[in-house]
Amino acid sequence: MTDLVALRAANEGRWAHAKITRGWAFGTGAKRLAAPEARARYQAVSARTGVPWSVIAVIHERECSQDWTGSLAQGDPWNKVSVHVPAGRGPFKSWEEAAIDALINCAPHGASNKDWSIGGTLTLLEQYNGLGYAARGKPSPYIWSGTNQYQSGKFVRDGVYDPDAVDSQLGCAGLLLAMMALDPSIEFSGKKPSISASSPAPHPPPASVPKSSQPSIANPSKGSIGAFIANLVGAVFRRK
């Protein structure tokens, strides 16, 4: 079994020395993930799960290259029952609904994470992909691809590790570094984001409909003698 405490420390140390080696690609990817429309959708899921929106964004990129028709859980279409692990999820009504399910109900249960330090965050992301690299003492390309912390080595299919294969996708750590350069508000202090702070403001209650006043001389009921007199007086004054 992988020692998660040791893995957190290892990922924190790698982060401290990490440098991006695919600068242009990371810059383009970060801008796309942090675009206002995308960020709003990630923040909506963050408000329901407590997972930082930037973490949701990099998972989305790794699992299905930010394809909004793909589930956050494994990239399968969210409007169908998933066939890849985690299998049997869905169908869902929206990308957001599928993402919330993935973070709450599927391993490694990101919504239950309480350590959002950089070591804890990167280790959660590594668990999302699997701990096969950690078991071999290797940096996970899911996290470190495109940085100086990764050279080669990749599971080319389930259970098959090729030490010479190179992951062509951008890793989560480099994406987070590039996004932080664009948006200094992204940080990993170790605390769980406040759901209430990021939740949409509640809709104001509908305006109350004023009740009709009781019949009076100024407001006689329809068809009454008072209404007849009021109409007669109005007609007299309109002639003047």
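Select helix α4 (residues 53-64) and helix α6 (residues 118-129), which pack with their axes 12 Å apart and at an angle of about 30°. Helices here are DSSP runs of H or I with at least four residues, strands are runs of E with at least two, and both are numbered from the N terminus. Axes are lines fitted to C-alpha atoms, for helices over the stretch in contact, and angles run from 0 to 180 degrees between N-to-C directions. α4 and α6 are therefore roughly parallel to each other; that term covers angles under 35 degrees, against over 145 for roughly antiparallel, 65 to 115 for roughly perpendicular and oblique for the rest.

This is a predicted model, in which local features need pLDDT of at least 70 and side-chain atom pairs count only at pLDDT 80 or more, while totals for chains, interfaces and linings use all residues. Residues are numbered from 1 along each chain as its sequence is written, and side-chain values use heavy atoms, with hydrogens and water left out.

V55, V58, I59 and E63 of α4 make the contact with T121, L125 and Y128 of α6, where contact means heavy atoms within 4.5 Å.

Keep L125 selected. Leaving aside neighbours within four places in sequence, L125 is in contact with V55, V58, I59, Y142, I143, C172 and L176. L125 is also one of the residues with the most contacts inside the largest nonpolar core, along with L72 and L122; this core has 44 residues. A nonpolar core is a set of buried Ala, Val, Leu, Ile, Met, Phe, Trp, Tyr and Cys residues joined through side-chain atoms within 4.5 Å. Buried means under 20% relative accessible area, exposed over 50%, and partly exposed in between (1.4 Å probe, protein chains only).

Next, go to the loop between α4 and α5, where S65 is found. S65 has phi near 50°, a positive value in a residue other than glycine. Q66 is in the loop between α4 and α5. Is Q66 buried or exposed? At 8% relative accessibility, Q66 counts as buried. Its contacts, neighbours within four places in sequence aside, are R32, L33, A38, Y42, H60 and E61. Select P86 in the loop between α4 and α5: the peptide bond from V85 to P86 is cis, with omega near -5°.

Finish at P108, in the loop between α5 and β1 (116-117). The peptide bond from A107 to P108 is cis, with omega near 10°. H109 lies in the loop between α5 and β1 and has a positive phi of about 60° although it is not a glycine. At 34% relative accessibility, H109 counts as partly exposed.
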